[in-house]
Amino acid sequence: MKRSLLGAVLLSVLFVLAACGGKDASDETGQVDTTGTTGGSTVSNEINITAINFEFNQEEYTVKAGEEVKVIFTNEEGMHGITIAGLDVDIKGDGEATFTPTEPGEYTIYCNLPCGTGHADMKSTLVVT
């Protein structure tokens, strides 16, 4: 009984670690997206968000209220997703979403896939001007 419980716990730990540690199969080119890696923000109708264990490539992204925005989300390291709190954006794994923010303000971007020990720290901000 103790042996099977230990095995189940060990298997669960390995699963959680594997979720963040693996490379995404679509990233076989070896190319790295360096868009906005300076940590600054720029206003655009398209934002590229890249996830690396356990952070996003920018601390802040800026868009204009009332304009359609396209979000392109890519996993560079590990398996992550994003949700933008208060907006209709929910991407699990690599993907895209289009939305139109109507209210200026700051919205939290966070990882929506449990990805390991740094998961709770995976946050960024979308500033809508």
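Colleague: Which strand order does the open sheet of four strands have?

Modeller: This is a predicted model. Its open sheet of four strands runs in the order S2-S1-S4-S7, with mixed pairing. The edge strands are S2 (55-56) and S7, and each pairs on one side only.

Colleague: How do strands of a sheet pair?

Modeller: Through backbone hydrogen bonds, either parallel or antiparallel. Take S4 here. Strand S1 (residues 46-52) pairs with S4 in the parallel sense, over six bridges. S7 (residues 95-99) pairs with S4 in the antiparallel sense, over five bridges.

Colleague: Which residues stand opposite each other?

Modeller: Start with Lys70 in S4. Lys70 is the bridge partner of Glu46. Lys70 also stands opposite Thr98 in S7. Then look at Val69, whose bridge partner in S7 is Phe99.

Colleague: Why is strand S4 largely enclosed by the rest of the structure?

Modeller: Count its buried residues. S4 covers residues 69-75, and five of the seven are buried, so the strand is largely enclosed.

Colleague: Which residues touch the most other members of the largest nonpolar core?

Modeller: Ile49, Phe56 and Leu126 do, in a core of 24 residues. Several elements give two or more residues to this core, among them S1, S4, S7, strand S8 (105-111) and strand S9 (123-128).

Colleague: What is Leu126 in contact with, leaving aside its neighbours within four places in sequence?

Modeller: Its contacts include Ile47, Tyr61, Val63, Ile84 and Leu87. Phe99, Gly105, Glu106, Tyr107 and Ile109 are also in contact with Leu126. Find Phe99 again: this residue is the bridge partner of Val69.

Key
Residues numbered from 1 in each chain as written. Predicted model: local features only at pLDDT ≥ 70, side-chain atom pairs only at ≥ 80, totals over all residues. Heavy atoms only, no water. Buried < 20%, exposed > 50% of the residue type's maximum accessible area, 1.4 Å probe, protein only. Pairing = 2+ DSSP bridges. Core = buried A, V, L, I, M, F, W, Y, C linked by side-chain atoms within 4.5 Å. Contact = heavy atoms within 4.5 Å.
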